[in-house]
Amino acid sequence: MKALAELLSVDYGWLAFGIRPELDVEKRTVRVLAESAAANLVAGFIQLAGGHCAFPEADDPNSFVDVYAILGNRQRSLAVSLAKPQENGKLRFSVTNEYQRCMVIGAVQTGIGSIDMYLIPPQLIERHGVLRGPSTDIEVEEKSKGILIGGVTLSKIVDFKSDFARSLAN
């Protein structure tokens, strides 16, 4: 179905699910590059913290994974979502529908070359996410005390080793 959508130059979500696309097919390339840049930044920060990263091959069966990270002798499958500002002042993350099978990291661009990173727990995605075909959208609010989903403050990543270990314990 994805190949047919590419051949026809139409949105995959529209073709498969009848969902109106957020972006025109032509504008989507820019968005994909931004998402890829966010995943690359996360991988770089993990490496700076002493971890090791690998990117999935094109034929990887876990197509939802953006980065494989090894920290503290444990491999983690990461899905990275770059926040998209909304007209209502909130931010929206579009996360993989496979969020139960990986760690979801929300990236918020805070300046040129800088991002804040947040762990988005699967329970919050399940409770507050909206299914949009191949992804689940979740809106968050920026408040003085941080990023909130449904009144719950997300954990900002400040130390990959301890933050990843804590998320695995929850």
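Q: Thanks! What do the side chains of R101 and E98 meet in?
A: They meet in a salt bridge, at 3.2 Å from N to O. The term stands for a side-chain nitrogen of Lys or Arg within 4 Å of a carboxyl oxygen of Asp or Glu.

Q: Is E98 buried, partly exposed or exposed?
A: E98 counts as partly exposed, because its relative accessibility is 31%. Buried means under 20% relative accessible area, exposed means over 50%, and partly exposed is in between (1.4 Å probe, protein chains only).

Q: Before we go on, what sort of model is this?
A: It is a predicted model, where local features need pLDDT of at least 70 and side-chain atom pairs count only at pLDDT 80 or more, while totals for chains, interfaces and linings use all residues. Residues are numbered from 1 along each chain as its sequence is written, and side-chain values use heavy atoms, with hydrogens and water left out.

Q: Good to know. How many salt bridges does the structure hold?
A: The structure holds 5. One of them brings together the side chains of D116 and K156, at 3.4 Å from N to O. D116 belongs to strand β7 and K156 to strand β12, so this pair ties together parts that are 40 residues apart in sequence. K156 is partly exposed, because its relative accessible area is 38%.

Q: And which residue does D137 meet in a salt bridge?
A: That would be R132, with 3.2 Å from N to O. Salt bridges that share partners join R92, R132 and D137 into one network.

Q: Why does D137 count as buried?
A: Because its relative accessible area is 7%. R132 has 30%, so R132 is partly exposed.

Q: Let's switch to the fold. How many helices and strands are there?
A: The chain has 5 helices and 12 strands. These are DSSP runs numbered from the N terminus: helices are H or I with at least four residues, strands are E with at least two.

Q: In what order do the strands of the open sheet come?
A: The 6 strands run β1-β2-β3-β6-β7-β12, with mixed pairing. The edge strands are β1 (52-54) and β12 (155-156), each of which pairs on one side only. Two strands pair if DSSP finds at least two bridges between them.

Q: How do β3 and β6 run, parallel or antiparallel?
A: Strand β3 (residues 74-82) and strand β6 (residues 103-111) run parallel, joined by 5 bridges. V80 has I105 in β6 as its bridge partner.

Q: What about β6 and β7?
A: They pair in the antiparallel sense over 7 bridges, with β7 covering residues 114-120. The two strands form a hairpin with 2 residues between them, and G113 in the turn has a positive phi of about 75 degrees.

Q: Which residue has a positive phi although it is not a glycine?
A: N73 does, at about 65 degrees. Most residues other than glycine have a negative phi. N73 is found in the loop between β2 and β3, and N73 counts as exposed because its relative accessibility is 81%.

Q: Last topic: where does R127 lie?
A: R127 is in helix α4 (residues 122-128). R127 counts as exposed because its relative accessibility is 56%.

Q: And what share of the chain counts as buried?
A: Of its 170 residues, 37% do.
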